[in-house]
Amino acid sequence: MAYSELNKEFGSMMKNKREQLCISREKLSELIGISTVYCRDIEIGKSCPNWKIWLKICEALDININYIIKTYIRPELDSTGQFLDIKF
């Protein structure tokens with residue numbers, strides 16, 4: 001799955017969970033310490049949060065971090081199978 005598709009999928013999941021819990025975007029932004037504009041950008045897949053923000057989102061929305069890691073984090077390997085970087 002391409003980078004932009006992952007961002008959109010995560011953002012959609014985040015928005016659905018937020019709405020399911022009846023939390024406004026403004027309240028979520030306040031809880032995790034980001035602007036409402038940045039929160040919206042994450043939800044529409046325009047921005048990808050850093051680890052710190054991901055963890056705060058998961059905590060605020062009661063999302064299992066193991067699910068996030070298995071679904072949205074994929075390591076990049078070189079030809080010998082060594083880790084190069086982690087792509088989101």
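Glu26 and Glu30 are exposed on one side of helix α2, and the buried residues of this helix are Leu28, Ser29 and Ile32. The model is predicted, with a chain average pLDDT of 84.

**Faces of α2**
- Viewed along the axis of α2, the buried residues lie within an arc of 100°, so they line one face of the helix.
- An α-helix has 3.6 residues a turn, so residues three or four places apart point the same way.
- Glu26 and Glu30 are on the other side of α2.

**Packing of α2 with α3**
- Helix α2 spans residues 25-32 and helix α3 spans residues 36-43.
- Their axes are 9 Å apart and meet at an angle of about 105°.
- Angles from 65 to 115 degrees count as roughly perpendicular, and α2 and α3 are therefore roughly perpendicular to each other.
- From α2, the contact is made by Arg25, Glu26, Leu28 and Ser29.
- From α3, the contributing residues are Thr36, Cys39, Arg40 and Glu43.
- By class, this contact has 4 charged, 2 polar and 2 nonpolar residues.
- Leu28 and Ser29 take part in the contact and are also buried, whereas Glu26 takes part and is exposed.

**Confidence**
- A pLDDT of at least 70 is reached by 80% of the residues.
- Within the chain, confidence is highest in α2, at a mean of 97.
- Confidence is lowest in strand β2 (residues 83-87), where the mean is 54.

Technical notes
Residues are numbered from 1 along each chain as its sequence is written. This is a predicted model: local features need pLDDT of at least 70, side-chain atom pairs count only at pLDDT 80 or more; totals for chains, interfaces and linings use all residues. Side-chain values use heavy atoms; hydrogens and water are left out. Axes are lines fitted to C-alpha atoms, for helices over the stretch in contact, and angles run from 0 to 180 degrees between N-to-C directions. Helices (H or I, at least four residues) and strands (E, at least two) are DSSP runs, numbered from the N terminus. Angles under 35 degrees count as roughly parallel, over 145 as roughly antiparallel, 65 to 115 as roughly perpendicular and the rest as oblique. Contact means heavy atoms within 4.5 Å. Ala, Val, Leu, Ile, Met, Phe, Trp, Tyr, Cys and Pro count as nonpolar, Asp, Glu, Lys and Arg as charged, and the others, Gly among them, as polar. pLDDT is the predictor's confidence in each residue, from 0 to 100. Buried means under 20% relative accessible area, exposed over 50%, partly exposed in between (1.4 Å probe, protein chains only). The arc is that of the directions from the helix axis to the C-beta atoms.
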